[in-house]
Amino acid sequence: MEYFTTTAKASGRAVDCVIVGIYARGKLGIGAAEIDAAARGTLKKLIKSGDVSPHLGRAAVLTNVENVRAARVVAVGLGKSSEFGPAEYRRALVGALRAVSRTRCGSILNTLTLEPGGTPYYRARSAVEVAGETLYRFTQMKSGRKKAPMPLKKLGFSIGKRSEAAHIERGCAHGEAINKGASLAKDLGNLPPNVCTPAYLARTAQKLAKGDGRLSVRVLNETEMKRLGMGSLLSVTAGAAEPAKLIVMQYRGAGKDAPVVLVGKGVTFDTGGISLKPGAQMDEMKYDMCGAASVIGTMAAVAAMKLPINVNVVVPAVMNMPGGDATVPGDIVRSMSGQTIEILNTDAEGRLILCDALTYSRRFKPAAIIDVATLTGACVIALGKHHAGLMANDDALADDILAAGQRSGDRAWRLPLGDDYAQQLKSNFADMANIGGREAGTITAGCFLGKFTDGMKWAHLDIAGVAWLGGDRKGATGRPVPLLTDLLLGRCRALPA
Ligand code: BES
Ligand code: MN
Ligand code: ZN
């Protein structure tokens with residue numbers, strides 16, 4: 001994609017599409033006012049007649065607008081001007097881009113950058129992200145001729161001052177890197193479980209590192225994991241024919257600095273094991289590796305930007321299957337930390353692989369460690385598909401993550417941890433049980449992981465809700481790649497002040 005900025009009038013630009021915004025009560029955005037003046041009141045007339053709506057995100061595609069050189073004007077509702085901020089900007093762009101996504105638009109000029117309520121950097125970045133999101137298609141598994149998406153090649157931004165151009169450029173570059181990471185995460189999530197196996201995840205990580213001097217990958221097999229004492233992780237793969245892998249990626253962009261370690265749950269399919277899940281929608285458990293996909297995707301984004309930071313990714317990758325060798329409820333296993341775990345439910349497997357990955361990660365002496373996992377159905381009930389669940393043992397780290405979520409529009413909401421909840425994990429037979437009962441299921445899962453993170457600055461993101469959508473938009477979302485990437489950008493001071 002090519003990007004440009006312009007301080008000139010939108011009506012004079014020969015692009016395939018100009019996006020302009022309409023506020024509530026027919027108030028014209030800056031680009032819309034200019035187009036309306038050139039077209040002698042056309043927009044105002046269409047607002048009066050109801051053909052153009054100020055409703056946030058509702059878009060009308062207008063062609064042959066007089067005195068406008070662009071082939072199309074997309075007039076999109078911005079809602080109330082007093083409420084127009086980054087989230088509304090993004091929703092408006094989603095509406096505008098979806099409206100033209102079936103056309104053969106090759107170039108677009110976005111004038112919404114002129115509206116108050118955001119910064120040039122994030123305006124550009126989120127536009128690039130929305131474009132990537134709108135154009136994303138998962139067609140790898142379809143046979144026959146595939147419909148080509150809108151051939152968008154050029155994306156431009158109207159700016160008020162020339163000095164904003166550098167911020168726009170940087171936002172576009174970062175947006176592209178985030179798109180690269182998020183579409184990789186989506187692809188991995190959308191691939192079927194007979195393709196996206198632990199070995200496939202490992203190969204994907206290795207491919208990313210090929211030809212990149214800063215990035216290296218090591219893949220541990222089951223024998224090596226056994227030698228390390230990962231009895232908890234290995235108990236999850238016991239029933240599976242597909243071998244488990246521990247994928248370790250290291251990106252070195254900042255010399256000897258302590259790394260940020262990202263740990264991602266990589267259950268390539270979760271049947272529940274002997275505690276078998278019900279059949280309805282079980283296919284969706286192919287998304288149970290979206291934590292892994294998002295940390296690998298974030299690594300792809302970091303590497304694409306060549307950030308001056310050190311990041312490690314650790315992915316425990318397994319398939320959770322029932323079988324003659326499978327772990328059964330009541331089994332007690334010994335984790336790499338030495339702590340023993342009574343497995344009361346084999347469907348609470350994510351924490352069993354993550355705890356050993358967290359213990360393994362201690363060797364990196366992380367500056368911060370963040371695990372990302374589709375961990376609990378309870379999180380979907382609590383927060384739905386809007387916020388990821390955040391738990392942490394460090395307030396500063398939690399605040400950084402919440403702020404990155406706000407800035408990137410990929411939000412998280414903090415939940416408490418603490419001994420009151422951890423008590424629910426008590427076992428009469430082992431150091432702890434792997435489930436804590438029906439109440440506060442997301443938090444007790446977090447508490448379980450917290451027993452393996454003593455002395456580290458740790459945060460846990462439960463992405464069971466946000467990692468994928470159902471219904472007619474069924475598929476992986478690529479979240480939380482934008483949040484994690486923003487966090488890392490902030491940590492190496494690569495965001496504009
Ligand atoms: N992968 C699931 C969590 C999940 C459920 C993610 C629904 C997305 C949608 C996880 O392994 C699991 O099965 N969790 C159990 C835990 C329970 C047995 C304590 C759950 O949430 O039911
Ligand atoms: Mn499970
Ligand atoms: Zn699971």
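Student: Which residue bridges the zinc ion (ligand 3) and the manganese ion (ligand 2)?

Tutor: This is a predicted model, where local features need pLDDT of at least 70 and side-chain atom pairs count only at pLDDT 80 or more, while totals for chains, interfaces and linings use all residues. Residues are numbered from 1 along each chain as written, chains are lettered from A and ligands numbered from 1 in written order, and side-chain values use heavy atoms, without hydrogens and water. The bridge is Asp 270, and the two ions lie 3.2 Å apart.

Student: Which residues coordinate the zinc ion (ligand 3)?

Tutor: Donors are N, O and S atoms within 2.8 Å of the metal (3.2 Å for Na, K and Ca); water is not among the atoms, so sites may look incomplete. Here Lys 265 (NZ), Asp 270 (OD), Asp 288 (OD) and Glu 349 (OE) coordinate zinc at 2.0 to 2.4 Å. Their sequence spacing is K-x4-D-x17-D-x60-E.

Student: Are Asp 270 and Glu 349 buried or exposed?

Tutor: Buried means under 20% relative accessible area, exposed over 50%, partly exposed in between (1.4 Å probe, protein chains only). Both Asp 270 and Glu 349 are buried.

Student: What surrounds ligand 1?

Tutor: A residue counts as near if one of its heavy atoms lies within 4 Å. Ligand 1 has 16 residues around it, with Lys 277, Asp 288, Asp 347, Glu 349 and Gly 377 the closest.

Student: Where does a polar side-chain atom of Lys 277 lie?

Tutor: It lies 2.8 Å from an oxygen atom of ligand 1. For Asp 288, a polar side-chain atom is 2.9 Å from a nitrogen atom of ligand 1.

Note on methods: Polar contact = N/O pair within 3.5 Å; in protein donor to acceptor, adjacent residues only side chain to side chain.
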